[in-house]
Amino acid sequence: MGQSLNTVSVVMLILITFIGLIILKYSKNYLQGEPRRHRYYMALTGVLLSVGVTVTADHLLVFLGGWVAISFSLHALLRFYPDRPRAALAAHKKFLFARLAESFLLAAFLLLHHEHGTWQISAIAQHYLDNGASAMGQWAAVLIAMAALIKCAQLPFHGWLMQVVEAPTPVSALLHAGVVNMGGYLLIVFGPLLLQSVAAQILVITVAGASVVLAALSMATRISVKVRLAWSTCAQMGFMLIECAMGLFELALLHLVAHSCYKAFAFLNSGAAVQAYRLTQMSPAAAPQARVWLPALAVGAGLAGAGAWVSGAQGAVGPWVLLGLALAVLVAQRSSVAAVGNLFYAAFVATVIAALYVGQKVLFGQWVHGAPVAAGFWADIALVALAALLFTGHLVLVHWPDTPLGRNFQRWLFAGLYLDEWATRITLRIWPVQLPLPSRSRRTHFARVEGVTQ
């Protein structure tokens, strides 16, 4: 049947089963009274079964069949409310982008089969662990990288991810926790091939890096809870793909699992956002003072260096630089009150986080294939530059929002640099779609809102 189990596929199978059961239980109350809920459960079951087939596939065509089935089942969930024009437009764009990704994946699989004479994925991956890639293999790696970038909603194919939040909340949880990250799983499975192609690595790091910067900073300008979470997913998927391109597959797998659990919880708990916002307004956090940044940077650098030494890390330095800056921001924010004890407490929290990170990284390193870290010096420089951009953008948005630079920065980031508008126009020019008219109740609501605003 072309199915096989290894440690990575078992981890993925447990993850999607765990999240799927939670979403099914949540949906029972969420969709109570919905006339189309039977279609919802059929499509949801189709997504879960298709993901299970894909993550256990050891046959190129079985993998592709499961990949396509995921997309078609998800399309039915995204169109759960067929009378919503924005949801229909987002689903239409997602449908076309998915067909493009599947075309790239089919072409890559045919090239790999033609070169190796086998459909077995494990045999192909083992070949690239021991040997280099030919020109045909290099092309296959680039095609697989393009399919992964589209699946993970990277620039400029990202807009639909922010617009499908009109689907039911459990659908958003499933999409962000168990579907959109399949591009990362694809690169983990074909990691030995990816590391044999510098062109594929450059493509992934360039596109995913740009997506990380735009999405992570745009998220800070949004008010809608679900839209903020969608931008966050785009950024997190970019980080995961960069980790794959640098050969850090244990980190990518850890990122995939952690992000899936966090994002499923965040969407299913999005109804508590109003209460959380009110609590934040009642007790706003103070801005970090200038004097705490130097010790915060020292703590972050020390913890990142200690983590690299304890784990015996070799090669890429960029991930540790990113970890150090993230811990520095954490320490600075928790030390905002002028008290010496706060700095020590913040340093303790950062130490616990760093220890958990290193421990899980080492554990997940035992579960992935032994592909060596093959990122060149250029990839490390690119990741360090990415970390610096994120750190600088965070300072501008959070601490200098009322300056001319901060206001212009927020305006462009709120629009996402208008990249999705450009992609939407091109998509509709290639394949137009007749959008549905809103239902009578929604038209009445819109008319009332328009009359009030006038």
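Let me begin with helix 6, residues 135-151, in what is a predicted model. Helix 6 is mostly covered, with twelve of its 17 residues buried. Among them are Gly 137, the run from Ala 140 and Ala 141 through Val 142, Leu 143, Ile 144 and Ala 145, and also Lys 151. After helix 6 comes Ala 153, whose phi is positive, near 60°.

Helix 12, residues 225-245, can be examined in the same manner. Its 21 residues should span 30 Å at 1.5 Å a residue; the end C-alpha atoms are 31 Å apart, which agrees. Of those 21 residues, 18 are buried, so helix 12 is largely enclosed by the rest of the structure. The helix is followed by Gly 247, which has a positive phi, near 85°.

I turn now to the aromatic residues. How many aromatic pairs does a search of the whole structure find? The search finds twelve. One of them joins Phe 63 and Phe 109 in an edge-to-face arrangement, with 6.0 Å from centre to centre and 75° between the planes. Phe 63 belongs to helix 3, residues 60-78, and Phe 109 to helix 4, so this pair ties together parts that are 46 residues apart in sequence. Are these two residues buried or exposed? Phe 63 is buried, with a relative accessible area of 1%, and Phe 109 is buried as well, at 0%.

A further pair is formed by Phe 97 and Phe 157, again edge-to-face, with 5.0 Å between the centres and 80° between the planes. This pair links distant parts of the chain, 60 residues apart: Phe 97 is in helix 4, while Phe 157 is in the loop between helix 6 and helix 7. Phe 97 counts as buried because its relative accessibility is 8%, under the 20% limit. Phe 157, by contrast, is partly exposed, with a relative accessible area of 22%.

Ring pairs also build a cluster, which takes in Phe 63, Trp 67, Phe 109, Tyr 185 and Phe 190.

Helix 4, residues 85-116, also holds Arg 99. At 18% relative accessibility, Arg 99 counts as buried, because the limit is 20%. Which side chain makes a polar contact with that of Arg 99? The partner is the side chain of Glu 102, at 2.6 Å. The charged end of Arg 99 sits over the ring of Phe 95, 4.4 Å from its centre. Leaving aside residues up to four places away in sequence, Arg 99 touches Ser 71 and Phe 72. Another arginine, Arg 84, lies over the face of Tyr 81, at 4.1 Å from the ring centre.

Finally, a word on confidence. The chain has a mean pLDDT of 82, and 88% of its residues reach 70 or more. Where is confidence highest, and where is it lowest? Confidence is highest in helix 6, at a mean of 93, and lowest in helix 21, residues 440-453, at 45. Over residues 445-454 the pLDDT stays under 50, and the model has one contact for them beyond four places in sequence. Where pLDDT is low, the predicted coordinates should not be read in detail.

Definitions and conventions:
Residues are numbered from 1 along each chain as its sequence is written. Side-chain values use heavy atoms; hydrogens and water are left out. Helices (H or I, at least four residues) and strands (E, at least two) are DSSP runs, numbered from the N terminus. Buried means under 20% relative accessible area, exposed over 50%, partly exposed in between (1.4 Å probe, protein chains only). A polar contact is a pair of N or O atoms within 3.5 Å; within protein, one must be able to donate a hydrogen and the other to accept it, and residues adjacent in sequence count only if both atoms are side-chain atoms. Contact means heavy atoms within 4.5 Å. The expected span of a helix is 1.5 Å times one less than its number of residues. pLDDT is the predictor's confidence in each residue, from 0 to 100. Rings of Phe, Tyr and Trp (its six-membered ring) pair if their centres lie within 6.5 Å; planes under 30 degrees apart count as stacked, over 60 as edge-to-face and the rest as tilted. A charge sits over a ring if NZ of Lys or CZ of Arg is within 6 Å of the ring centre and within 35 degrees of the ring normal.
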